[in-house]
Amino acid sequence: MPDSQINPTAAALLGLLHEGPMTGGQLMAAAERRLGPYWSMTRSQVYRELPVLAEMGFVRLGKPGPRSSQPYAITAAGKRAFSRWLTESPGRDAIRNPVALRVAFGQQHSGNQLKTLYTGANEYHAEALAMAREQAKEAKKAGDAYGAAALEFAVAYHKAALSWLKVAPAE
């Protein structure tokens, strides 16, 4: 196991908690806003990781709020674990593209199925590209060079997906 003892989802939560205490719902919203264009986290992942991080002493629970919402704050040990995680090798990318997977079995599709698949993928990537560009622009304007750089990855990804969709076989 890596020295930091945390996985990428846990590390992302600790990174977000550097901004201040947050509930699970607030962490989900912050993750979607800050990381969503290039890193996905599910609600179940967030709520599974928070108790583990608390048990490890990396976060502490605050006083329950409205509707039993539970705020979490990063501890000094959590900051050290996050810092160690930052120094570790990130490992290899895990590419999981549901459209590419379906295209791999294109011979089993009808022509209309592939066209529908490509149309939906084009719409998604065009919209995601526009959103990532806007978020990168806002990050740059706010002086967040690192956030903007990560968002530029999302811009490049969606551009690449759109380019690939133009040449993917349709028959």
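Guide: Lysine 140 counts as exposed because its relative accessible area is 52%, where exposed means over 50%, buried under 20% and partly exposed in between, with a 1.4 Å probe and protein chains only. This is a predicted model in which local features need pLDDT of at least 70 and side-chain atom pairs count only at pLDDT 80 or more, whereas totals for chains, interfaces and linings use all residues. Residues are numbered from 1 along each chain as its sequence is written, and side-chain values use heavy atoms, with hydrogens and water left out.

Lysine 140 forms a salt bridge with glutamate 152, with 3.1 Å between the closest N and O atoms; the term requires a side-chain nitrogen of Lys or Arg within 4 Å of a carboxyl oxygen of Asp or Glu. Because lysine 140 lies in helix H6 (residues 111–141) and glutamate 152 in helix H7, the pair ties together parts that are 12 residues apart in sequence; helices here are DSSP runs of H or I with at least four residues, strands are E runs of at least two, and both are numbered from the N terminus. Glutamate 152 is partly exposed, since its relative accessible area is 31%.

Helix H7 itself covers residues 145–167, and its 23 residues should span 33 Å at 1.5 Å a residue, which agrees with the 34 Å between its end C-alpha atoms; the expected span is 1.5 Å times one less than the number of residues. Among the buried residues of H7 are Leu151, Ala154 and Val155.

A search of the whole structure finds two salt bridges. In the other, arginine 34 pairs with glutamate 19, the closest N and O atoms being 2.4 Å apart. This pair links distant parts of the chain, 15 residues apart, with arginine 34 in helix H2 and glutamate 19 in the loop between H1 and H2. Arginine 34 counts as partly exposed because its relative accessibility is 35%, and glutamate 19 is also partly exposed, with a relative accessible area of 45%.

H1 and H2 also contribute to the largest nonpolar core, which has 24 residues, a nonpolar core being a set of buried Ala, Val, Leu, Ile, Met, Phe, Trp, Tyr and Cys residues joined through side-chain atoms within 4.5 Å. H1 gives the most to this core, with seven residues. Leucine 14 touches residues including Leu53, Phe58 and Phe82, where contact means heavy atoms within 4.5 Å and residues up to four places away in sequence are not counted.
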